[in-house]
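Q: Please show me the model, and I will ask how to read some of its features.

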Amino acid sequence: MKQAVLTKAETIEFSEIEKPVIKADEVLVKVKNIGICGSDIHAYYGQHPFMSFPIRLGHEMSGEVVETGADVKGISKGELVTMMPQEFCRECEPCKAGRYNICNTLNVIGCQTPGAACEYFNVPAALIKKIPEGMSAELAATVEPGAVGVHAVRRCGSVEGKNVVVMGAGTIGNVTAQAAMADGAKSVLITDLSENRLETARKCGIPHTANTGKITMKEAVLEAFGAEGPDIFFECVGIGATVNQAIECSKKGNDIVVVGVFGKNPEVNLSWVQDRELRICGSLMYVEKDFQDTIDYIASGKIKMEPLISKVFSFDEYPEAYKYIEQNKDTSLKILIEM
Ligand SMILES: NC(=O)c1ccc[n+]([C@@H]2O[C@H](COP(=O)([O-])OP(=O)(O)OC[C@H]3O[C@@H](n4cnc5c(N)ncnc54)[C@H](O)[C@@H]3O)[C@@H](O)[C@H]2O)c1
Ligand SMILES: [Zn+2]
Ligand SMILES: [Zn+2]
């Protein structure tokens, strides 16, 4: 079968390897779509702190089950599935507490172990999630980034009835804003510097959008929520400027959830965090309930992923997809590969 391996920075090489032989607890999936995400792009340029060459990428995927191992129950040939790409130990303190997304020895499939950029992929059955009828393989490949948003909005209790601010309208900010709406937020404001990304957010039904390159966060929040003000902020960019916007515009005693990954350690206004009893809390990936709820939200249309899919490339064009993203940063959101 054919696979694509990132052998060094900006170099994806195709090769022929044996089709995998599955273990008793695994299923073999004929891959249909994979998604390219921000971490793949960092890896592509050799700038990911926790990924090294060579690596077969692909942690966002969908495909059809073509074989099931002897011990696998409840999964059948022909079913459309996606996977939760987390390999965890089940024994460490976070794992025992059900927080295996922060397992002490977490490996992400497609980041630290070979991913789905291949024709046939063997996956432990425990990581497989079935896709309901009527949902396309393309949408199935977008569940993984969607689940990042669903997990984030549950990190500080429920967002139900709250006025939510999401900073950054890339894929992750967009899905975080949609997840907040789906989980019952009273209203949501999303901010970005890119009009294209804000336009996509509007297409997804996010009620308030603001370009914080043109107006201040204070003005944006006032316009969106009036005297009520914002109740919780989600940082989905990964820079100090937006963390500080959140700190400076939070009401006393409120929460700020950090979803963005920081390339540099920012200088942030911790004196206000202390004085106003703000809480800053991180968010990483998701657990099974978040993932399953994301599938249900996408299937029911509560989270709309179609407006985020900018372009679909064939497997042969996989290297070109990375070039396309480089040249169309502002107008492209989720890029998919079709096998
Ligand atoms: N926590 C997790 O589990 C998890 C998972 C995946 C990605 N991430 C991280 O989430 C972040 C967002 O990911 P993405 O794929 O959406 O990235 P992205 O680059 O597509 O989106 C970031 C957005 O922020 C906007 N932006 C830049 N500066 C801004 C500013 N000053 N104010 C407002 N907006 C600004 C950009 O225009 C862009 O639209 C990244 O840091 C990524 O690494 C986290
Ligand atoms: Zn991803
Ligand atoms: Zn563990």
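Q: What volume does the second largest pocket have?

A: A pocket is an open set of points on a 1 Å grid over the protein atoms alone, where a 1.4 Å probe fits, with protein on both sides within 12 Å along at least five of seven lines. Points are joined across faces, edges and corners, and the volume is the space filled by probe spheres set on them. Here it is about 220 Å³. The model is predicted: local features need pLDDT of at least 70, side-chain atom pairs pLDDT 80 or more, while totals for chains, interfaces and linings use all residues. Residues are numbered from 1 along each chain, chains are lettered from A and ligands numbered from 1 as written, and side-chain values use heavy atoms, without hydrogens and water.

Q: Which strand gives the largest share of the lining of this second largest pocket?

A: Lining residues have an atom within 4 Å of a point. Strands are DSSP runs (E, at least two residues), as are helices (H or I, at least four), numbered from the N terminus. Strand E8 (residues 120-124) supplies four residues; the lining includes Phe121 and Val123, along with Lys23 and Arg56.

Q: Is helix H8 mostly covered or mostly uncovered?

A: Buried means under 20% relative accessible area (1.4 Å probe, protein chains only). In H8 (residues 240-249), seven of ten residues are buried, among them Val243 and Ile247.

Technical notes. Buried < 20%, exposed > 50% of the residue type's maximum accessible area, 1.4 Å probe, protein only.
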